[in-house]
Amino acid sequence: MAAIATTALVLLFALSSSAQTSSKLKSMKGDINVFMANDLGRNGYYEQRPIARLMGEMAEVIGPECVVAAGDVHHFNGVASTSDPLWMTNFESIYDHPELMIDWFPVLGNHEYRGNTQACIDYRTVSRRWMSGGRYYSRLFRDEEKNVSLRIVFIDTTPLITRYRTESDLYPDASRQDIDAQLAWIDSTLTAATEDWVIVIGHHPVYAQTTKAEYERTDMQQRLLPILRRHPNVSMYACGHIHNFQHIRMPGDAIEYVVNSSASLARKVKPTIGTVFCSSAPGFSVISATKDKLSLYMIDNTGTVIHEITKRH
């Protein structure tokens, strides 16, 4: 009888825990929901496979419209073609949960630029869920019933950093890109955006604490930042590249600067100027929008919300 009672208590606790978890997930759900992951491509090693499984399980409750893949889907040297086996070992066979068989919107990272960048775009002709719109593009997400709209502007940050343009042996395609054309497109796209919420997503940060070379951020601050600040409709700039979670808010700047952690292998981090939150946990983020609120939830590899960013109209 004692064993039966103990089993019953264990089952009751498990059901209670599951219900609490489901309740927490439901509280994160908005009218428009997007998952964000980046720095993925480790062939399932380190934390990649369990985090992919976690994303699928959470998607069962939250129901994201899409996944944003913010660069470095393929470590270390990109892909050679649309039939490169890395597409299977880094992406297709890892993110195989039924709830992740949705649209994936990628941007190019610096590791993609070590290989065939055009193949990273053309894979849309192979995979139904790979929805690349080019090197830079934007997408509108709308809930007609709730009259809520979210514009995500996807940009190509590797060519904006001088180092990649000059190291043509490692990044052969970077110097061929017309950065003035891209910056003009970003400016005009943000000018025309009338949605409730506007987020810009690239691979490299504008602000971050990192041991990576400072010129990466200063190049982004010189080339991209003046455009972002010209447009008060931009609520958030989100990126990857640094392999940890960071939320930075600069004095006199209404934009939230987000670094999303690696979904495969995270790195140490410490506070810097403007740091609101930072964590070396691996994981991914959930973005949700309603008419009056935009939220980003940082999720660690246990499925715990470790930080929330909220913007309100």
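A salt bridge here is a side-chain nitrogen of Lys or Arg within 4 Å of a carboxyl oxygen of Asp or Glu. The model is predicted, so local features need pLDDT of at least 70 and side-chain atom pairs count only at pLDDT 80 or more, while totals for chains, interfaces and linings use all residues. Residues are numbered from 1 along each chain as its sequence is written, and side-chain values use heavy atoms, with hydrogens and water left out. By the salt-bridge rule, the count is 15.

**Asp 253 and Arg 229**
- Asp 253 pairs with Arg 229 in a salt bridge, with the closest N and O atoms 2.9 Å apart.
- The two are 24 residues apart: Asp 253 is in the loop between strand E8 (245-248) and strand E9 (256-259), and Arg 229 is in helix H8 (residues 225-230).
- Helices (H or I, at least four residues) and strands (E, at least two) are DSSP runs, numbered from the N terminus.
- Asp 253 is buried, at 10% relative accessible area.
- Arg 229 is partly exposed, at 45%.
- Buried means under 20% relative accessible area, exposed over 50%, and partly exposed in between (1.4 Å probe, protein chains only).

**Asp 173 and Arg 135**
- A salt bridge joins Asp 173 to Arg 135, the closest N and O atoms being 2.7 Å apart.
- Asp 173 sits in the loop between helices H5 (162-166) and H6 (179-192), and Arg 135 in the loop between helix H4 (117-122) and strand E4 (137-143), so the pair ties together parts 38 residues apart in sequence.
- Both Asp 173 and Arg 135 are buried.

- Glu 256 and Arg 249 form a salt bridge at 3.1 Å, N to O.
- Glu 256 is buried at 5% relative accessibility, and Arg 249 is partly exposed at 40%.
- Salt bridges with shared partners join Arg 135, Asp 173 and Arg 176 into one network.
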